Amino acid sequence: MAEGRVYNFSAGPSQMPLEVLEEIQREMVNYKGCGMSVMEMSHRGKEFMGIASQAEKDLRDIFGVPSDYKVMMSQGGATLMFSSIPLNMLGTKGKADYLVTGQWGEKALKECNKYGTGQAACNSKSTKFTTIPKPSEWKLDPEAAFAHYCDNETVNGVEWGYTPDVGNVPLVADMSSNFCSRPIDVSKHAVVYAGIQKNLGPSGMAVSFIRPDFVDGKNEAKICPTYCSWKTTVDAESMYNTPACFTMYAMAEYLKYTKKIGGVAYWAEQSDKKAGMLYGAIEGSDGFYQCPVAKDARSRMNVPFTIMGGDEVIEKKFLAEAQKQKLFQLAGHRSVGGCRASLYNGMPIEGVSVLTDFMKSFMDENRK
């Protein structure tokens with residue numbers, strides 16, 4: 001680890017690979033000898049157009065995006081997509097199914113109800129979002145315009161282990177917090193979208209892979225703002241207006257690095273190792289640490305845990321002492337409490353090793 005840096009377990013924006021940051025640093029003032037920083041250049045100039053073009057090519061290569069699908073890069077993150085999805089997909093059907101397994105899926109459903117009827121095909125709120133309901137419990141509407149799920153719930157630490165089967169209804173996935181951490185079968189989805197600030201760069205942008213029948217404008221609502229129109233954005237090659245240039249560039253460098261080290265398969269292997277280490281420490285603590293999420297729904301990305309049954313005093317002590325070991329941003333989401341460690345691509349295995357070693361020593365010193 002570079003001198004002065006810490007292990008940052010933030011849920012997003014999150015730690016990025018040092019190699020990517022150092023490459024950005026090298027090119028910060030004078031990008032490839034053009035005399036300008038990426039932050040200063042025109043998004044229509046040949047230098048930046050080259051960055052954007054290569055970013056799309058690498059996205060297609062890394063994720064195996066079908067050639068007829070469109071790649072869209074948009075501002076507003078996944079949250080603006082909560083609005084854009086019903087505005088571009090509801091069409092004349094006017095209703096959509098949502099598989100709600102956490103707070104982000106719940107927010108997406110709420111947003112759909114502004115423009116049509118959002119139907120909760122399942123909702124695990126009664127379990128405090130610690131499970132994924134079995135398919136036999138879902139109430140799917142075959143006439144729905146689409147079915148939406150959040151592949152990984154950042155706040156609650158729940159992750160789907162499979163792609164939901166919703167029949168012939170177009171499937172939409174919010175993959176913001178596990179994007180680029182394991183392979184995706186894009187062809188099973190009508191839309192895959194993700195804010196990139198977890199596993200692929202800084203905040204400010206979402207990436208979407210969209211089936212061609214949803215970018216022709218035929219399902220677009222009359223009230224859809226021009227800026228939320230997928231047809232407008234795709235037709236303009238994600239440059240209807242000035243894009244989030246520096247975010248796009250940083251993502252492009254992250255993509256280059258991902259290709260260099262072995263693609264998504266490499267990140268998947270690392271993710272499995274890191275999650276195994278941390279869940280192993282929790283399970284091996286004889287109840288000192290506890291994870292509230294059902295074992296078959298646990299996230300590899302976001303690991304929530306309590307200490308001594310949720311003792312707030314001991315948890316505050318844990319967070320304070322963790323910082324002395326350069327372990328930062330381990331507090332749970334404000335709505336859930338407890339602790340949470342996010343294990344995104346930028347978190348090296350050594351960081352998780354330092355954390356699990358600290359957890360063991362803290363347990364030994366504080367067990368009553």
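In this predicted model, Val-191 has Ile-210 of strand S10 as its bridge partner. The two strands concerned, S9 (residues 191–195) and S10, pair in the antiparallel sense over 5 bridges. Strand S2 (residues 70–74) also pairs with S10 in the antiparallel sense, and there Val-71 stands opposite Phe-209. The pairings of S10 are set out below.

| Strand paired with S10 | Sense | Bridges |
|---|---|---|
| S2 (residues 70–74) | antiparallel | 5 bridges |
| S9 (residues 191–195) | antiparallel | 5 bridges |

Helix H4 (residues 103–112) has Gln-103, Gly-105, Ala-108, Leu-109, Glu-111 and Cys-112 as its buried residues. Their cover includes helix H3 (77–89) and the strands S3 (95–100), S4 (117–123), S5 (147–150) and S6 (152–153).

The protein is divided into domain 1 (7–14 + 263–365) and domain 2 (19–261). Their contact takes 27 residues from domain 1 and 29 residues from domain 2. About 2200 Å² is buried between the domains, with carbon and sulfur atoms giving 54%. On the domain 1 side, Val-264, Trp-267 and Arg-300 lose the most area to domain 2, together 25% of what that side buries.

The interface holds 1 salt bridge and 18 residue pairs in polar contact. On the side of domain 1 that touches domain 2, helix H7 (263–283) and strand S12 (302–307) each give two or more residues; H7 gives the most, with 6 residues. Glu-159 forms a salt bridge with Arg-300, their closest N and O atoms being 2.7 Å apart.

How values were computed:
Residues numbered from 1 in each chain as written. Predicted model: local features only at pLDDT ≥ 70, side-chain atom pairs only at ≥ 80, totals over all residues. Heavy atoms only, no water. Pairing = 2+ DSSP bridges. Helix = DSSP H or I, 4+ residues; strand = E, 2+ residues; numbered from the N terminus. Buried < 20%, exposed > 50% of the residue type's maximum accessible area, 1.4 Å probe, protein only. Contact = heavy atoms within 4.5 Å. Domains from an automatic or database assignment. Buried area = accessible area lost by both parts, 1.4 Å probe. Salt bridge = Lys/Arg side-chain N within 4 Å of Asp/Glu carboxyl O. Polar contact = N/O pair within 3.5 Å; in protein donor to acceptor, adjacent residues only side chain to side chain.
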